[in-house]
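Grab a pencil and let's work through a couple of exercises together. Have a look at the structure first.

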2 protein chains.
Amino acid sequence: MVKEEGGYASVRKRIKLVVAYDGTAYCGWQLQPSGITIEEVLNRELSHLLGEDIRVIGASRTDSGVHSLGNVAVFDTSTRIPPEKLCYALNQRLPEDIVAQSSCEVAGDFHPRRCYSEKTYEYRILNRKIPIPTLRKYTYFYYRDLDVAKMQEAASCLVGKHDFKSFCSVRTAVEDTVRTIRFCSAERTPEDVVIIRVTGTGFLYNMVRIIAGTLIQVGIGERSPEDIPRILARRERGAAGPTAPAHGLTMLGIAYGDETDR
Amino acid sequence: MVKEEGGYASVRKRIKLVVAYDGTAYCGWQLQPSGITIEEVLNRELSHLLGEDIRVIGASRTDSGVHSLGNVAVFDTSTRIPPEKLCYALNQRLPEDIVAQSSCEVAGDFHPRRCYSEKTYEYRILNRKIPIPTLRKYTYFYYRDLDVAKMQEAASCLVGKHDFKSFCSVRTAVEDTVRTIRFCSAERTPEDVVIIRVTGTGFLYNMVRIIAGTLIQVGIGERSPEDIPRILARRERGAAGPTAPAHGLTMLGIAYGDETDR
């Protein structure tokens with residue numbers, strides 16, 4: 001739709017937003033009948049800002065309570081606000097727990113889920129005897145001592161192209177469960193946060209949280225790194241560990257083609 | 001006061017608690033006529049837990065909104081709960097934004113403010129063009145680019161025994177404003193958090209926040225590191241920079257004599 005304004009035809013363009021959020025207060029990314037979501041807030045504030053009915057398309061439809069440093073939302077607009085300035089104008093309207101990190105124009109056929117990308121997620125576990133209040137919303141507190149060397153060994157068994165059906169929630173109807181993980185690691189920071197970092201070209205529903213839950217079982221010796229190939233081969237959700245809690249998970253960023261976002 | 005229980009006299013002992021908290025929801029440490037404080041919550045929950053009227057003595061009376069990883073509270077009790085277990089029992093009752101990190105018995109004359117100690121504080125500044133939502137409560141967002149090498153140079157000028165009157169809020173009546181700073185540094189993390197860390201044997205009211213506000217002015221070139229000796233020499237609050245916001249400040253820990261807490 002091309003709109004006439006002051007005699008000039010406004011050009012319709014597609015904008016890519018990189019969006020960071022604290023997921024604590026939201027029912028996840030995707031529009032929901034009950035409960036406020038990130039997508040809903042972005043649609044509302046972009047529509048008010050631009051005076052158009054804006055509906056964003058998200059790259060990662062994160063669950064309730066999951067955080068983000070670099071999720072991606074795409075939308076079409078006829079605005080004359082320069083694409084790179086849009087994020088600043090939008091941030092004036094957004095609540096403090098959602099902040100656009102950047103905005104730029106992309107090709108009209110760019111689709112954040114259909115274009116080739118590598119997504120990176122981080123799962124953070126506070127692994128000490130006693131919780132730390134300032135980390136409670138962004139790490140999962142787990143007091144039993146984790147053997148991170150074993151977790152790292154198990155993580156490396158997940159790298160590659162595999163059928164991840166065992167690492168997919170049963171609450172989904174996806175048929176093709178083959179995905180490629182490019183990178184998967186576990187490391188301990190000096191502050192006793194165990195960080196599981198996973199990069200892949202696609203993820204199934206709850207996949208990173210099930211990976212985290214399974215690696216925790218490896219970390220306490222309930223499973224061994226050698227179990228990972230067996231879990232993958234079983235191709236059933238019950239073969240893997242539990243789904244780790246949402247608030248430990250952060251979507252770090254998405255790299256499309258040449259560019260690298262975060 | 002010695003209490004008889006089952007024929008045995010309970011021994012009165014002094015307990016030292018190390019306390020971490022997210023200061024966001026509190027009006028600081030110290031009891032206040034209006035607004036809930038850390039001290040108030042500790043008194044209430046310890047009194048309930050131990051069945052005695054407990055009044056803690058705090059080491060650092062942090063301001064409203066300031067966080068802690070290792071503040072110290074001391075109290076006397078006749079409880080038979082082993083001193084080292086007390087923190088676990090207390091944590092069952094405390095809200096999730098206050099967590100006792102450890103508990104131990106100390107000498108009956110130990111006083112957390114009068115005994116010799118070295119306190120360490122950290123002031124965190126998120127220094128990039130756009131805020132990050134998950135850091136908003138624990139860092140002060142400052143978008144102008146900070147020259148951290150200059151801030152480090154200025155920080156080193158604060159080390160030593162000086163009259164810090166210029167770095168003391170006028171809302172206090174303290175007479176002796178000479179204090180010793182053992183260590184003061186500024187560094188930038190890979191995530192663009194500029195961390196100012198200060199260790200000293202004593203601090204004046206708002207001293208770390210005024211140091212942070214002054215170092216920020218150095219970081220943007222409004223002042224030079226060479227100004228620090230001149231600011232100290234002036235001995236008036238107006239000579240130093242503004243008081244940086246409370247939510248960027250965390251009390252890291254206190255070391256008494258031989259031991260090191262955090």
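**Exercise 1.** Find how much space lies in the largest pocket, and sort its lining residues by kind.

*Solution.* Step one: about 1500 Å³ of space lies in the largest pocket. A pocket here is an open set of points on a 1 Å grid, where a 1.4 Å probe fits, with protein on both sides within 12 Å along at least five of seven lines; lining residues have an atom within 4 Å of a point. The volume is the space filled by probe spheres set on the points.

Step two: 41 residues line the largest pocket, and among those nearest its centre are R124(A) and R124(B).

Step three: sort the lining, and you get 17 nonpolar, 11 polar and 13 charged residues.

Before going on, note that this is a predicted model, where local features need pLDDT of at least 70 and side-chain atom pairs count only at pLDDT 80 or more, while totals for chains, interfaces and linings use all residues. Residues are numbered from 1 along each chain, chains are lettered from A, and side-chain values leave out hydrogens and water.

**Exercise 2.** Which parts does the salt bridge between R197(B) and E122(B) tie together?

*Solution.* Start with the distance: the closest N and O atoms of R197(B) and E122(B) are 2.6 Å apart, inside the salt-bridge limit (a side-chain nitrogen of Lys or Arg within 4 Å of a carboxyl oxygen of Asp or Glu). R197(B) sits in strand β11 of chain B and E122(B) in strand β7 of chain B, so the pair links parts 75 residues apart in sequence.

Note on methods: Ala, Val, Leu, Ile, Met, Phe, Trp, Tyr, Cys and Pro count as nonpolar, Asp, Glu, Lys and Arg as charged, and the others, Gly among them, as polar. Helices (H or I, at least four residues) and strands (E, at least two) are DSSP runs, numbered from the N terminus.
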